[in-house]
Every structure is written in structure tokens, then in C-alpha cells.
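Have a look at the fold first, and then go through the points below.

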Amino acid sequence: IFFFFFIILLTTFYHTIGNSSDKTSSYQRIPNYDIDLELSENKNETDLKNKELEHTMYEKFDKLSLTNNIKVKNAAEYFDKSIYIGEMKDTHRNGIGKYFNRQECSIYAGEWVCNFLVKGTIYFKDGSSIEGTFEFKKSEGFMKHTSSNGIITQCNYVKDKKQGHASIEYPNGDILLCQFTNDKKFGAALYKTDNVWFDQYYINDALIYQHKKYNADIPHIKVD
């Protein structure tokens, strides 16, 4: 009797572990992914705002289109309610896909290798995003970063830090052509506002010098 009771307990345990690991199937919009927006006794205003933000990010994730080159589309729901939709190899994210990270409330979309996003876009909960290539979750190579207030920075990244020549475009049309050293503006720069160019000089992100230079567009400036 004790032996059979032990077998039943062991089977139940493995079943529970299996349900909490990666689950894949032919793709359909996952119906059990529910985000409760109702305010209850256990929820305060901050909790509700967090849930609303999570719901908004999930809707964005759900509407995000993937390339038509995908041959096999799978859906995986993880123990923390994070979701991956796209190509897989065994239980790993491998190929083209999108991933909703519920812990971070962020979206990863693009090309995957062994569960790591190597090329694509990350959308953050504050409305910002970064697009380019990644190595072990760090930005590496030429990237395009869009801040939550619409500032677009294009620059080379080394181990998650901006390095080298950069182009920064502001929502009002202003442009800054500068250089970064260890994630900070450093050295000579050009700044354009109202079709007027200024010479600038930065040290550790601080503007040290500015002088009017041109009243017209400067041609042939390109950030590599």
C-alpha cells in the first residue's frame, strides 16, 4: 500500500514539474493568458496601474507581426506566464520569434539562438526600444535606441555601452553628431537647431564649449 501511495505521489510531482516547464504546441493565441484588471481588496492603485501596463504590453506583443519566412510556428507558455511565439528547437527559442517577458513587462522580437535574442528589437515598458544585435543580453554592434520621449540615438555599442560616432535626433528636429567614450559624450561635436549648426565640445557628457558654425546643412555626414 505504501509503495503504491509513493508511486502516486511521485507521478503527481513529475506532472507538476512538467506543467511548469516549457510547453509548445501549434500556434494559437493562448486563451488562458489572463490579466485581471479588476480592483479587489488585495490591490492598491499602484498594482492596478502595473496590471494595466502589463495588459497594454501584452496587447502590443499579440499584435506584433513576425516575418513570413517562419516555417514552424510554436507557442510556449512559461511558469511565470511569460510567452514565446515562433520557431523552436527542442525546448529552446531558436529562429525567428517574439517573447513577452512578464517579469520585466518587456517584449523581445527577432532572431534567437539557444534562448538568446541575437538580432532584433527589445521594447521596454516605459515606451523606449533598442534595435540591433545582441550578445548574451548585451547590446553589441550598431544599434538604434528610441527613448520614451522620442529621442533617437544611432551608435555603435560595446558590451551594452555606447562607443564611437553617434547621431542623435530630437523630436523637434534638432540633430547632434557626437562621439561617445564608455557611454558618455566626449570630444568634438556638431549640433543643429533651426537650420543653424554649432561647434560643441563635451567631456564626460558635460557641454564645455559651443560656437556658431554654419547656417545651412552640412553635407556628407554619416554615422557608420
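The chain has 2 helices and 16 strands; these are DSSP runs numbered from the N terminus, with helices (H or I) of at least four residues and strands (E) of at least two. This is a predicted model, in which local features need pLDDT of at least 70 and side-chain atom pairs count only at pLDDT 80 or more, while totals for chains, interfaces and linings use all residues. Residues are numbered from 1 along each chain as its sequence is written, and side-chain values use heavy atoms, leaving out hydrogens and water.

**Surface and burial**
- Of the 224 residues in the chain, 34% are buried (under 20% relative accessible area, with exposed over 50% and partly exposed in between; 1.4 Å probe, protein chains only).

**Nonpolar cores**
- A nonpolar core is a set of buried Ala, Val, Leu, Ile, Met, Phe, Trp, Tyr and Cys residues joined through side-chain atoms within 4.5 Å.
- The largest one has 24 residues, and Tyr84, Leu176 and Cys178 have the most contacts inside it.
- A second, separate core of 11 residues includes Phe61, Leu66, Ile83 and Tyr123.

**Contacts**
- Leaving aside residues up to four places away in sequence, leucine 176 touches several residues, among them Ile168, Tyr170, Leu190 and Tyr202 (contact means heavy atoms within 4.5 Å).
- Of the chain's contacts between residues at least 6 apart in sequence, 21% join residues at least 24 apart.

**Glutamate 135**
- Glutamate 135 lies in strand β7, which covers residues 129–135.
- Its relative accessible area is 48%, so glutamate 135 counts as partly exposed.
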